[in-house]
Amino acid sequence: MAPLRSKPNYRRCLSCRRIDHRSSFWRIVRSYPSRKVQLEGTGRSAYLCPQAECLAVARRKDRLGRALKVPVPDEIYQILQQRLGTLPSTAKPGFHQVDQGRTGEGLL
Ligand SMILES: [Zn+2]
């Protein structure tokens, strides 16, 4: 039996400190040796939940900049913000209303 305490693929979110598998986080990397902040590659890494709240906290309190020890360009936050918009996690609340509306039309 493998010891439960060794979880090499688990990471912690910079903002809410939630621990989860690395694949469920965004990874932000300060690449080496250029010290350029980017979202892929090798270097010093920081992890963030793919959630609006965690992104907002990381930006407001400069959690990313502190973790990576370099200023984080606005561009990085903009890219992450865009990724938020494309996440399929939030169901569309209007869906059932549209369905009901169609039924009502039929009764008229
Ligand atoms: Zn988080």
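**View 1. Arg 18 and Asp 20 form a salt bridge.** Arg 18 is partly exposed, with 32% relative accessible area. Buried means under 20% relative accessible area, exposed means over 50%, and partly exposed lies in between (1.4 Å probe, protein chains only). Asp 20 is also partly exposed, at 23%. The closest N and O atoms of Arg 18 and Asp 20 are 2.8 Å apart. A salt bridge here is a side-chain nitrogen of Lys or Arg within 4 Å of a carboxyl oxygen of Asp or Glu. The model is predicted: local features need pLDDT of at least 70, side-chain atom pairs count only at pLDDT 80 or more, and totals for chains, interfaces and linings use all residues. Residues are numbered from 1 along each chain as its sequence is written, and side-chain values use heavy atoms, with hydrogens and water left out.

**View 2. Arg 59 and Asp 74 form a salt bridge.** Their closest N and O atoms are 2.6 Å apart. Arg 59 sits in helix H1 and Asp 74 in helix H3, so the pair ties together parts that are 15 residues apart in sequence. Arg 59 is partly exposed at 37%. Asp 74 is partly exposed at 42%. The structure holds two salt bridges.

**View 3. Four cysteines coordinate the zinc ion.** The donor atoms are the SG atoms of Cys 13, Cys 16, Cys 49 and Cys 54, at 2.2 to 2.3 Å. Donors are N, O and S atoms within 2.8 Å of the metal (3.2 Å for Na, K and Ca); water is not among the atoms, so sites may look incomplete. The four donor atoms subtend angles of 100 to 118 degrees, which makes the arrangement tetrahedral. Four donors count as tetrahedral if all angles lie between 85 and 135 degrees. Along the sequence, the donor residues follow the spacing C-x2-C-x32-C-x4-C. Cys 16 lies in the loop between strand S1 (10–12) and strand S2 (19–21), and Cys 54 in helix H1 (residues 52–60), so the pair ties together parts that are 38 residues apart in sequence. Cys 16 is partly exposed at 40%. Cys 54 is buried at 4%.

**View 4. The largest nonpolar core has 22 residues.** A nonpolar core is a set of buried Ala, Val, Leu, Ile, Met, Phe, Trp, Tyr and Cys residues joined through side-chain atoms within 4.5 Å. Ile 28, Leu 48 and Leu 64 have the most contacts inside this core. S3, strand S5 (43–48), H1, H2 and H3 each supply at least two of its residues. H3 gives the most, with four. Leaving out residues up to four places away in sequence, Leu 48 touches several residues, including Cys 13, Trp 26, Ile 28 and Cys 54. Contact means heavy atoms within 4.5 Å.

**View 5. A cis peptide bond joins Tyr 32 to Pro 33.** Its omega is near 5 degrees. Pro 33 is in the loop between strand S3 (26–31) and strand S4 (37–38). Helices (H or I, at least four residues) and strands (E, at least two) are DSSP runs, numbered from the N terminus.

**View 6. Asp 62 has a positive phi, near 55 degrees.** Asp 62 is a residue other than glycine. Its place is in the loop between H1 and helix H2 (63–68). Asp 62 is partly exposed at 34%.

**View 7. Lys 69 has a positive phi, near 60 degrees.** Lys 69 lies in the loop between H2 and helix H3 (74–86). At 57%, Lys 69 counts as exposed.

Technical notes. Four donors count as tetrahedral if all angles lie between 85 and 135 degrees; four count as square planar and six as octahedral if opposite donors are over 155 degrees apart and all others between 65 and 115; anything else is irregular.
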